[in-house]
Amino acid sequence: MPQTAPNTEKIDEHLLEVVQALHGAVKRGIPNVKDPKIADKAIQDCKEILDVIMEGKVSEWLN
Amino acid sequence: MFTDKIELKDFDKMDPEYKDLLGRVLTIQADCEIGGPHLYVETMLPAAPTKLDQLIVARTAAEEIDHYRKVAHVAGDIGVDTSFVLSQPNEKRFVDTFRGLITTWEDNAVFGFLIDRVGRYQLEEFYDCSYLPLQRILPDIVTEELGHIEYGYNKTLELIEKGDEGKAKAQKAVDYWYVRALDMFGRSGSKRAERYLYWGLKRRANEQARQDYINEVNPILEKMGLKVPDPLKGRRYM
């Protein structure tokens, strides 16, 4: 078997959590798009999660 | 032609060229998956026209991040670390299309309609490919890409239906992305593409995949009332 690249499992687990959190926020928001309070909070939650991923500081995610 | 099917446990026994090509194609695929959100999240999440669109932008990004995760895991299992693409700037992306920033809603719509469609073509290259762990992750990824293409198509159509101004915006975006989409298939007659075919890692030559894309997209553009851009103007890879 080939040697697995470092942090493969850790990055996978972290990103899976991120994806699930994003889907959770989207699922809260979409049925409530006419309720600004709920929809805005869902969008803000998505933004905060995505900002971290877009920043790409992988070493920080793993600590 | 290589016709065997390979599992992870067989990888060490494979020819160095096979290992190199598989690692390369997985790295590029991972880069393209994460490259999409880096083009539009910062600009389109706050600027999408409705709250529903904002949430769909977030959902699309979530799905692309998940595609990266799946491809990166297949790469990681053969010892190829693709994590550097999570932090590299857009201008260093492997594929030119991902080196800019999407700044308008019409570009975001047409990007989904035309560029995610190229993404679907690239993934379809791996259908029935020789590396089974890659083949197994495809169905869910392709299903989600189909959703992105449909959303992009619907949003482009919405723009066109708004009247002359919307149609002009959509045409301008199509003019910009169409040639980039064609370039994404790579050079015709590429020697490396021939080796991908030989090893059963891809199923079509670059020029064949590009022609199939043209045959699919041009009638859709015409039906939408848009002009098909000159397929040669502004191209970098012929």
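Trainee: What makes the 79 residues a nonpolar core, and which have the most contacts inside it?

Mentor: In this predicted model, the largest nonpolar core has 79 residues, and A:Cys46, B:Ala58, B:Val110 and B:Trp177 have the most contacts inside it. The term means a set of buried Ala, Val, Leu, Ile, Met, Phe, Trp, Tyr and Cys residues joined through C-beta atoms within 7 Å. A residue is buried if 20 or more other C-beta atoms lie within 10 Å of its own, exposed if 12 or fewer, and partly exposed in between, with C-beta atoms placed from the backbone.

Trainee: Which elements each supply at least two residues of this core?

Mentor: Chain A supplies them from α1 (8-29) and α2 (36-55), and chain B from α1 (16-47), α2 (51-77), α3 (105-124), α4 (132-161), α5 (164-183) and α6 (191-198). The largest share, 13 residues, comes from α1(B). Helices (H or I, at least four residues) and strands (E, at least two) are DSSP runs, numbered from the N terminus.

Trainee: What does B:Val110 touch?

Mentor: Leaving out residues up to four places away in sequence, B:Val110 touches B:Gly152, B:Thr156, B:Ala170, B:Ala173, B:Val174 and B:Trp177. Contact means that the C-beta atoms of two residues, placed from the backbone, lie within 7 Å.

Trainee: How many helices and strands does chain B have?

Mentor: Chain B has seven helices and zero strands.

Trainee: Why is chain B called as compact as a globular protein of its length?

Mentor: The radius of gyration of chain B is 18 Å, close to the 18 Å from the globule rule for 238 residues, so chain B is as compact as a globular protein of that length. The radius is taken over C-alpha atoms, and the rule is 2.2 Å times the number of residues to the power 0.38. Buried residues make up 45% of the 238 residues in chain B.

Trainee: How many residues does each chain bring to the contact between A and B?

Mentor: Chain B brings 31 residues and chain A brings 31 residues. On the side of chain B, α2(B) gives the most, with 15 residues.

Trainee: How do you know how confident the predictor is in chain A?

Mentor: Chain A averages a pLDDT of 96, and 100% of the residues score at least 70; pLDDT is the predictor's confidence in each residue, from 0 to 100.

Trainee: What are the conventions here?

Mentor: Residues are numbered from 1 along each chain as its sequence is written, and chains are lettered from A and ligands numbered from 1 in the order in which they are written. Local features need pLDDT of at least 70 and side-chain atom pairs count only at pLDDT 80 or more, while totals for chains, interfaces and linings use all residues.
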